[in-house]
Structure formats: C-alpha cells, structure tokens
Amino acid sequence: MNLFKLSWKYLTFRPLSTGLNVLLLALGLAIITVLLLIQNQFEKKMTQDAAGIDLVVGAKGSPLQLILSSVYHVDFPTGNIPMNEAVRLSRSRLVKQTIPMALGDNYQGYRIVGTNHDYLSLYEVGFSSGKAWEEPFEVVLGAMVAEKSGLKLGDTFTGSHGISVGSHDHDHHDFRVVGVLEPKGNVVDRLVLTSIESVWYTHDEEESGEEEPTSETSEDQDTLAHDHEHQNEEVDLEEDDYENTEEDHENHDHDHDAKFHHPVAKSGFPATDQDREVTTLLVQYRSPMAAVQLPRMINSNTNMQAASPSFEMSRLFELLGVGVQVLEGLAFVLIAISGLGIFIALYNSLKERRYDLAVLRAIGASKFQLLILIFLEGISLTFLGALLGILLGHGFLSILAAQNEQGIAAGLQAWTFLSAELWIVIYALTVGVLASAIPAWSAYQTSIANQLTRK
C-alpha cells in the first residue's frame, strides 16, 4: 500500500481548501524568510561598507543623515564645510588619516563622489579595466554603474545636479571614463568616483554660466546716447583696447583650459588659493584615545559635527528592531492561522472518511498505517507551504533589489540561501505534525465493525 500516493490523492480531492492552507502558511514563512535574509545581509553589508572608517566629519545637522550620506550614499548631505577647517583637523595628533569627499551630483541616480585615491585604498578595490583618475573630469565607474549604464573606457557623459534622477545637467564639461572597478559587493559598486577638483570645476562652470547681462534701463540708454556723441573721439582708443582685450581673453582661455589638464591631488587635499569647501571627511583614529577626545572636541569647538558610523548604525538597528518585531509577530500569526486551518481541514475530512479508513483496515491496513497516513497529509501540506514560502521570500527580495538600484538594497543577493532557512522547513513540518496529531489519533482509533455496520 503506497501511503504517499494515497495521502496526495486525499489532498488533491479538495484543492481549494488545500491551496488556501498552503498559501497562508507560505505567506507567513515568506515574511520570516525576507526578514532573515535582510537581517543577515543588511547588517553584514553595513559593517562592510563602514570598515576602516572611525569617524565622519561634516556640516552640522543630523548625525545619522551624515553617516547615511557619506558612508552609504543613501541620503542627502548635511551641507559643506570650509576646507581650511578640514585641513586643520587632518593635522591633529589624534588623526591618522582623513579622506575628503565632495558630494552633490549624480549620473542617472548614481552618486558622483569627488575624493582622492585613498578612497580606493580604503575599500581595497581592483580595476577590471583602465586606471584611476589623474586629471579633472576623469572618472572611475563602480562595477554596477558600468553594468547598468553600459559605459566603457573612453566614453563621456554629463553629470546632473543633486543626488536623484531628473535634476538639471552640468553640460559645460563632460566626464570621461578612464577606469572600471571590479565587483566588490560594497558601496563602491554603485558610485562614480572622480577627483574633488572635478566637482569644484563643475560648479564653477555652472556659476559662471548663470551670469547673464542685465537689461538696459533708461539711465543706461542716456549714458549710451552720451557716449555716442564722443564716439569719434574715442575710436583710436577703442582700437587699442580691443587688441588688449583680445590678448587678455586668449590668456584667460589658456589658463582656463590649462587647469583641466593639471594633475589632481591623489592623496590629502587639493592645493588651491581659493576659499573652497568639501562635503565630508572620513577619519581614521591614530589611537584609541582619539575615540574619546576627537568627537567631543569637534562638536564643541568647531562649526562641524562628528558622527561615529558604528554608534549611529547601532541606533538605527535599534529603531528598526520595533518594526522587525511587528513583522515577525504578523508572520507567526499567519503561521498559527494556517496550522489551525490544517487541523480543521484534516479533522473535518476525517469525519467524512471514516468508512474509507475502515475499508482500508478491512483489506489489511494496520492502525499504525492509518496514523502515518494522516500525519503524511499534514506534513505534505506544510512542506509545500515551506517551499513556496521560501521561494516567495527570495522572489520578493529580488524584486526589492531590482527596484532600488541606487540604494542599499541594490547589493542584496536575493538568491543566496542560508543554512538558517532549514529551520524554516523544520518549523513548518513541526506545525504540520502538531496540526495532524488529533486527527491522526482519531484515525488510529477507527473501529472497523462500527463503521462498516453504520454504513
């Protein structure tokens, strides 16, 4: 007697009831699967992206926003800080290394980050092709940016203002791709890296392009009329001035173009005689004592703020923990309802099948085989629900990652299966066994004589 085939026949005899119970269980287990995957990968990814960064220094504002925008690149920057203050901080005896960053632009939603080569060393990246930037407006693409955009070595593109798609373009000067990074599975994969000078010059061009001649007022017209009366007297002077202006203009264009081919700073801060700004500093401590003294000194004695990635992420996980607990509670409620549904379905079907069970006993089936038959039905239902729930969970995470190509979720591996997911299957089978216990015991006690006589 094939008990597996027989139990499957009983389940498919009522497809609507069977399907509903499987779906309820699958939804509850899918929620648990998603939470398990996100918690495992999200915490690992956040830790990986912040590795080697002890402190982040930026403009006053929300410390969490500063961390999210500077380390994980998922929020708006808090503002800019004067570079002379940043340089002064980098010379502190408590600081081992600082990596300046200039933010505020994007390409198709991917952040354009102005920094130096120390940022590449921080994440120990390698190049799949090309090399690091050496001149202004040369860029290196993260692996995900190169894959999604289709850009390759030698291609040019125009950056956009802001950190989201839809902002106006900086069309005065194009960026040129000189390198593509190998996939690292961290934040660098979704960044466009360039020099700080590139970000500065982009906004310098933007500001100069916005200056427009003012309209003529009545006073200007009177002045023009007055100047016209003396036009003949000034012809010779104007010819000399024109020649001088042309010469000055040529020199200005030469100086303007020369800075675009000047080597950029590969470490530390760019050399400049202007009052420049940077967005943030990534700081490494020189000693454990710096963790106590440096943040307090910056927050109290400067116009900047310091935030610790580890502290802010711990606070964020604590805040998110409440939502995770609510979702876990919802999942367990769905699983409990599913287990109750399986119990009711098996118990009700048992009342209608007592005669069939008595016939099975009459043709040679033992009480133990009837017991196993009912348990197989409950276990089969929950096993199907577990498989469907795990697949739904991974599928949902895959959709979530595909729709957030520029966010943290973009790096989540949806089809990575964890060993902890085996416990989901075990938990589901346990629900099936418990839901089948009472119906199975009733089947075990089936009386052949009473059922056949009653029929």
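# Close-up views of a predicted model

View 1. A cavity, on a 1 Å grid over the protein atoms alone, is a set of points where a 1.4 Å probe fits but cannot get out. Grid points are joined across faces, edges and corners, and the volume is the space filled by probe spheres set on the points. The count by this rule is one cavity of 30 Å³ or more. Its lining residues are Gly 52, Ile 53, Gln 97, Ile 99, Leu 122, Leu 282, Val 283 and Gln 284. To count as lining, a residue has an atom within 4 Å of a point. Two elements give two or more residues each to this lining: strand 3 (95-107) and strand 12 (280-285). Strand 12 gives the most, with three residues. Helices (H or I, at least four residues) and strands (E, at least two) are DSSP runs, numbered from the N terminus. By class, the lining has five nonpolar, three polar and no charged residues. Ala, Val, Leu, Ile, Met, Phe, Trp, Tyr, Cys and Pro count as nonpolar, Asp, Glu, Lys and Arg as charged, and the others, Gly among them, as polar.

The model is predicted, so to speak, with limits: local features need pLDDT of at least 70, side-chain atom pairs count only at pLDDT 80 or more, and totals for chains, interfaces and linings use all residues. Residues are numbered from 1 along each chain as its sequence is written, and side-chain values use heavy atoms, with hydrogens and water left out.

View 2. Helix 1 covers residues 3-13, and its buried residues are Leu 3, Ser 7, Tyr 10 and Leu 11. Seen down the helix axis, these buried residues fall within an arc of 100°, so they line one face of helix 1. The arc is that of the directions from the axis to the C-beta atoms. On the other side, Lys 5, Lys 9 and Phe 13 are exposed. Buried means under 20% relative accessible area, exposed over 50%, and partly exposed in between (1.4 Å probe, protein chains only).

**View 3. Segments from the UniProt record.** The unreviewed UniProt entry places "transmembrane region" at residues 20-38, 319-346 and 422-444. Such annotations may be inferred rather than shown by experiment. Residues 20-38 are 100% helix and 0% strand, with end C-alpha atoms 27 Å apart. Residues 422-444 are also 100% helix and 0% strand. Their end C-alpha atoms are 31 Å apart.

View 4. Arg 176 forms a salt bridge with Glu 138, and their closest N and O atoms are 2.9 Å apart. The pair links distant parts of the chain, 38 residues apart: Arg 176 is in strand 9 (residues 175-181) and Glu 138 in strand 6 (residues 138-141). A salt bridge is a side-chain nitrogen of Lys or Arg within 4 Å of a carboxyl oxygen of Asp or Glu. Arg 176 is partly exposed, at 37% relative accessible area. Glu 138 counts as buried, at 8%. The structure holds four salt bridges.

View 5. Glu 312 and Arg 315 form a salt bridge, with the closest N and O atoms 2.8 Å apart. The two are three residues apart in helix 11 (residues 309-352), so about one helical turn separates them. Glu 312 is buried, at 5% relative accessible area. Arg 315 is partly exposed, at 34%.

Note on methods
1 Å grid on protein atoms, 1.4 Å probe; cavity = no way out; pocket = protein on both sides within 12 Å on 5 of 7 lines; lining within 4 Å.
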